[in-house]
Structures are given as structure tokens and as C-alpha cells.
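Good morning, colleagues. Please take a moment with the structure on the screen, and I will then go from a single residue to the chain as a whole.

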Amino acid sequence: MIELTAAQVAAATGGRLSADPAVRVGGPVVVDSRRVGPRSLFVALPGEHVDGHDFAAGAVAAGATLVLAARELDVPCVVVDDVQAALGELARHVLATLRERGDLRVVGVTGSVGKTTTKDLLGQLLRPEGPTVVPRGSFNNEIGLPLTVLEADETTRFLVLEMGASGVGHLTYLTRIAPPDVSVVLVVGSAHLGEFGGIDAVARAKAEIVTGLAPGGVAVLNADDLRVAAMADAAPGEVVTFGTIPAADVRAEDLGIDRTGRASFTLRVRPGASAGADEGRARVTLGLVGEHHVTNALAAAAAALRLGVALPDVAARLSDARALSPHRMQVTERPDGITVIDDSYNANPDSMRAALKALAVMAGRDRRSVAVLGEMLELGDDSRVAHDDIGRLVVRLNVKLLVVVGEGAGGIHDGATQEGSWGDETRFVPDVEAASALLREELREGDVVLVKASNGSGLWRLGDELAAAGTAPGGDHA
């Protein structure tokens with residue numbers, strides 16, 4: 001973070017100073033006292049299970065010079081009415097200050113699926129151009145986004161922000177903190193559908209990243225998704241589209257998928273879509289597994305081109321890019337001949353379908369496909385039908401063994417059974433431990449195993465276990 005005095009922190013947050021006004025902060029801004037560094041600002045957030053105020057003294061002892069708090073403490077602090085809101089105001093102030101001082105460019109990424117992968121790709125495309133800040137993991141909410149903004153300093157050239165929403169108005173709040181110079185919208189899908197109340201509400205919420213653009217900003221929109229493409233009408237300025245249809249400004253042509261599930265395509269750029277004026281083509285071969293990553297790659301390419309990265313560099317860096325965040329189509333080739341696809345970080349119907357199609361491609365005709373699927377959360381009234389549909393898709397894709405984990409995912413088992421898969425082809429188990437025991441007995445050399453569920457299901461533990469294991473089938477796991 002840029003260096004600020006305690007007095008400046010108080011002014012930016014509207015807080016009351018209970019510290020020496022000249023005390024300076026310049027280290028990391030943290031909400032976890034274990035991450036405190038020299039001259040940190042510790043943000044004492046009240047939590048559901050723990051209260052950050054209880055850790056303030058320890059944070060100061062570890063090197064923090066100031067605490068942002070909701071009440072008076074026996075440590076140097078700025079006292080505010082709402083700590084979370086004050087954190088956002090501080091980030092807004094710091095970003096505005098950095099924009100006044102230099103040529104920092106902000107990229108915001110949203111969408112029902114693909115946000116984390118796209119921001120990771122953007123980081124790999126932009127870092128060679130200059131210092132770039134990219135959020136860790138999925139820091140995309142009212143707390144994670146301001147913390148990411150506050151990682152920027154005077155040297156930062158690009159600030160990439162993942163912007164998540166679980167309701168209308170959420171992205172308006174985030175774009176008020178950090179108005180993007182480039183706003184990227186990937187897909188309007190069924191993630192968090194229960195919280196939004198319907199797909200049209202999802203579209204309205206995602207469009208807020210477009211209306212929240214900074215003056216002169218560019219909207220980068222998915223031409224393959226009609227709801228996203230319609231957001232062009234709300235854009236206050238220039239629009240650049242990406243996709244696979246001929247009308248897209250940045251598009252994939254001659255698309256192919258190899259036996260490892262990796263896509264290759266010709267990246268074609270329409271004149272005016274990049275910072276330069278010339279049309280161009282370049283070949284890309286992705287290292288990421290799954291055809292759905294073509295959308296993420298095109299989105300990252302379109303944003304990077306608008307930010308001045310040359311087309312040959314975009315293509316080369318996309319081809320060299322690797323998955324950076326865990327549990328997202330993370331492929332492990334085990335020594336015992338079993339391939340594990342761990343996509344257990346999160347799940348919704350769109351990402352579940354994409355992962356299952358990747359499983360089918362990777363297994364092909366010669367290897368046995370195994371899908372270990374848990375519950376897709378936050379789908380509201382559509383949950384039962386959505387799970388049933390996934391079970392039927394498993395059968396249509398000819399997945400050889402389906403393991404359904406947990407009562408919440410029971411509709412997947414029902415759908416598979418109704419579609420014609422029964423007996424040993426589909427198994428229901430009550431929990432992760434039972435799934436682990438079953439797979440120790442069932443997996444054999446040559447199997448390709450997909451692990452997929454919403455994060456709250458805990459199936460990521462099974463993903464870690466399967467990826468780490470490597471003994472002969474039937475033996476003890478390493």
C-alpha cells in the first residue's frame with residue numbers, strides 16, 4: 001500500500017483518530033493478524049465466529065502500526081462506525097490517489113463462471129508489461145476487493161480485480177470503490193440463482209460492471225452469450241466483443257480439442273479491437289484443460305489487446321499460461337496410471353456441464369471415465385431440476401462410473417437412474433469419507449476421475465486426497 005499517516009487514514013474513512021496523527025502505515029493491509037507485517041494496517045472486522053478486535057493487540061505486537069476498529073482499543077486506532085465500509089472507502093481513496101499520480105489501469109472481471117481463471121490469465125498476459133496486482137484466489141467481494149486494491153502502490157501499472165456478486169447492487173458497490181478502465185463480462189449463468197431470484201436479475205447485476213466503468217472506459221463483452229452481448233446498450237463508451245461467432249471483434253477460429261482436453265485455435269482480431277489499428281491472426285494452444293477455457297482466454301486476450309499488449313505476445317503468453325488457482329480443472333497424472341481432474345472449488349450447472357464434457361474428451365474410448373459429483377449450492381427452487389439434468393447428462397456422455405456424494409446431490413443420482421444408468425454404473429454415498437473408501441476399492445489403472453462440487457460440500461478434501469495418492473489400485477493411499 002502507499003504510505004499514509006494515521007491522520008490520512010482517518011480522513012479517508014471518516015473515522016475518529018485515537019493515535020498519534022503522524023503514525024505511518026505502509027505495509028500490507030490485513031484482516032488476519034497472522035499476516036501482519038512491519039507497518040501494517042490491521043482491519044478489525046467483526047466475524048460470525050471471531051471478532052477481529054480481540055486480535056488487535058497481538059497484531060500491533062507483531063508489527064502493525066495502526067488498527068481500523070469499530071470501538072476504542074488500547075492500541076493506536078482509527079474508530080469508525082462500520083469497519084467493512086471504511087475498508088472500502090480507504091481503498092477508494094488510495095486508488096484515486098494512485099490514478100492522479102500515474103498511468104495505473106484497472107481491469108474488472110465478472111461472470112457466473114470463469115472469473116478466477118480469467119483474472120489469472122490476465123495476470124500472466126500483463127505482468128511482462130509492468131508491475132501488476134492480481135487478487136489471490138477468489139478475493140472478489142466487499143472485503144477481498146478492497147484488500148486487493150490496497151496492494152497497489154506507486155509502481156503498479158495494472159490492477160486486475162475479480163468482481164463477484166450474489167445480488168443486484170453488489171457490483172455497483174464494488175465499481176464505486178474501483179471503477180474499471182476495462183470491464184470484462186464472461187457469462188450470465190445459473191450460479192447463485194437462488195440468491196438473485198432469476199436469470200434476468202443475474203444479467204442486471206452483472207451489467208453493473210459496465211455502467212460502473214471509469215470515464216473513457218471500455219466494455220469487453222462475450223458475443224456468444226446473448227444476455228452479455230445485450231449489455232452493449234448500457235455501456236457508456238466503447239465496446240469490444242469476444243467469442244466464436246464471426247461478428248465478434250476478438251474471436252477463435254479453427255477451434256480444436258486434443259485428447260488431453262486442451263484447446264487450440266486461431267486468435268483473430270478485427271481492426272480497431274486492439275490498441276493498434278491492424279487486423280491480425282495468431283495461433284494459440286492452451287495449456288488449460290477444457291473447451292470452456294476458450295471463452296476465458298478470449299476475454300483475457302481482448303482486455304490485454306485493449307491495454308496495449310501486442311497480438312503476438314498475447315498469443316504466446318496464452319499458450320504458455322497455466323492454471324494458478326487450486327481445485328480448478330487441476331489435472332494430476334498419478335504414478336499408478338490414474339488421471340485426476342480436480343475441479344472441486346465450486347460448481348453450478350454451467351461449470352458442471354463443461355467439466356463433464358472435458359472428462360468425456362480426456363477419457364475418450366480407451367479409458368474409463370469416473371465422475372465424483374457433489375451438491376451445487378445456491379440454486380434456489382431450481383436446485384432439484386438442475387441436479388437431475390446433470391445426472392442425465394452424465395449418462396448421455398457415457399460416463400462409466402458416477403459417484404454421487406451427499407443428500408444435497410441426490411438429484412444427480414436420480415437423474416442418472418431415470419436416464420438409464422443403474423446398478424454399478426451409478427453409486428450414491430452419504431459423505432466424503434464414504435466416497436474415499438469406495439474409490440479406493442474401485443479405481444484402477446487408466447481411469448480418468450473428475451471431482452466436482454460446490455466449495456461448501458467439502459469435496460475438495462477428496463480432490464486433494466486423490467491427487468496426492470499414487471499407489472497401486474486397492475492399496476493404501478500415500
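Predicted model: local features only at pLDDT ≥ 70, side-chain atom pairs only at ≥ 80, totals over all residues.

Let me begin with Thr148. This residue is buried, because its relative accessible area is 1%, and buried here means under 20%. Thr148 is found in helix H5, which covers residues 144-149. What is Thr148 in contact with, leaving aside its neighbours within four places in sequence? The partners are Val133, Val134, Pro135, Phe139, Leu159, Val160 and Leu161.

Glu151 forms one with Arg136, and the closest N and O atoms are 2.8 Å apart. Arg136 lies in the loop between strand S9 (132-133) and H5, and Glu151 in the loop between H5 and strand S10 (158-162), so the pair ties together parts that are 15 residues apart in sequence. Both side chains belong to residues in the intermediate class: Glu151 is partly exposed at a relative accessible area of 31%, and Arg136 is partly exposed at 40%.

How many salt bridges does the structure hold? There are 31. I have selected two further pairs.

In one of them, the side chains of Glu3 and Arg39 meet with an N to O distance of 2.5 Å. This pair links distant parts of the chain, 36 residues apart: Glu3 is in the segment before strand S1 (4-5), and Arg39 is in the loop between strand S4 (29-30) and strand S5 (41-43). Glu3 is partly exposed, with a relative accessible area of 38%, and Arg39 is partly exposed as well, with 35%.

In the other, the side chains of Arg176 and Glu89 form a salt bridge at 2.6 Å, N to O. Here helix H6 (residues 170-177), which holds Arg176, is linked to helix H3 (residues 83-101), which holds Glu89, and the two residues are 87 residues apart. Arg176 counts as partly exposed at 43% relative accessibility, and Glu89 is partly exposed at 22%.

Salt bridges also join into a network, made up of Asp388, Arg392, Arg396 and Glu419.

Finally, the chain as a whole. It contains 17 helices and 22 strands. Among contacts between residues at least 6 apart in sequence, 64% join residues at least 24 apart.

Methods. Residues numbered from 1 in each chain as written. Heavy atoms only, no water. Helix = DSSP H or I, 4+ residues; strand = E, 2+ residues; numbered from the N terminus. Contact = heavy atoms within 4.5 Å. Buried < 20%, exposed > 50% of the residue type's maximum accessible area, 1.4 Å probe, protein only. Salt bridge = Lys/Arg side-chain N within 4 Å of Asp/Glu carboxyl O.
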